[in-house]
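Hi everyone, thanks for coming. Let me put the structure up on the screen, and then we can walk through a few of its side chains together.

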Amino acid sequence: MGLTELLSTYGQNYLSALLATWGMTVLSFVFVMILAVLVTVMRVSPFKPLRVVGDLYTQVFRNVPGVALLIVIVYALPNLKIVFDYRTCVIVTTILLGAAFGSENFMSGINTIGVGQIEAARSIGLGFTKILRLVVIPQALRTTVLPMTNLLIAVMLTTALGSQVPLNPAELTGVVSYINTRSTGGILAFLISALGYALTAVVVSSVGNRIDKRVRILR
């Protein structure tokens with residue numbers, strides 16, 4: 001099947017898959033950022049049990065294969081009476097994995113903050129919570145724009161786990177399986193999906209670079 005025939009027959013499927021991928025990516029990334037901040041706060045907390053839990057979460061989910069985690073969520077959680085639809089399972093998997101790497105990015109950003117700033121904040125009577133809210137988190141966010149841009153791209157690629165379960169509409173990887181079960185799309189079907197990922201990544205990187213130049217902290 002040639003490119004023209006492929007696009008004329010399945011062009012709408014590709015468009016739906018691209019929009020589905022974008023939607024899952026945005027939704028997942030919002031929760032990745034929220035959970036990553038919470039885990040990072042736990043890791044820098046003066047309360048040791050919270051630090052242990054935060055570090056344990058990061059180490060576990062940084063080293064769990066995405067497919068393995070998806071299988072656990074899809075097939076094991078129902079035994080605990082926790083049942084999600086397939087799309088939600090993919091999103092939950094993406095969030096759990098992405099937040100671990102996001103926390104590492106935030107920790108790197110926190111490590112760039114001078115000790116003097118923390119001591120100055122303490123000297124004027126700010127507590128742990130206010131130091132985080134007013135000093136640490138704002139600077140960590142500004143210094144991790146590029147790493148978080150890369151994480152956003154990684155989150156988008158992780159949504160390809162949706163091809164392991166019957167999503168409707170399919171995301172960009174799953175649509176290839178949909179096409180090849182109905183006709184012979186061959187390698188061209190994969191290349192079109194890959195182009196969708198690549199072009200999206202280029203746009204995200206470009207926007208991330210622009211934001212970084214605006215908010216970067218010069219030291």
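Arg43, Asp55, Arg62 and Glu104 are linked in a network of salt bridges, where a salt bridge is a side-chain nitrogen of Lys or Arg within 4 Å of a carboxyl oxygen of Asp or Glu. Before we zoom in: this is a predicted model, so local features need pLDDT of at least 70 and side-chain atom pairs count only at pLDDT 80 or more, while totals for chains, interfaces and linings use all residues. Residues are numbered from 1 along each chain as its sequence is written, and side-chain values use heavy atoms, with hydrogens and water left out.

So, how many salt bridges does the structure hold? Three. Arg43 pairs with Asp55, with the closest N and O atoms 2.9 Å apart. Arg43 lies in helix α1 and Asp55 in helix α2 (residues 48-62), so this pair ties together parts that are 12 residues apart in sequence. Helices here are DSSP runs (H or I, at least four residues), numbered from the N terminus.

Arg43 also meets Glu104, at 2.7 Å from N to O. Glu104 sits in helix α4 (residues 86-111) and Arg43 in helix α1, so here the parts tied together are 61 residues apart in sequence.

Finally, Arg62 bridges to Glu104, the closest N and O atoms being 3.3 Å apart. Arg62 is in helix α2 and Glu104 in helix α4, so that pair ties together parts 42 residues apart in sequence.

Is Arg43 buried or exposed? Buried, because its relative accessibility is 13% and buried means under 20% relative accessible area, exposed over 50%, partly exposed in between (1.4 Å probe, protein chains only). Glu104 is partly exposed at 23%.

Notes: Helices (H or I, at least four residues) and strands (E, at least two) are DSSP runs, numbered from the N terminus.
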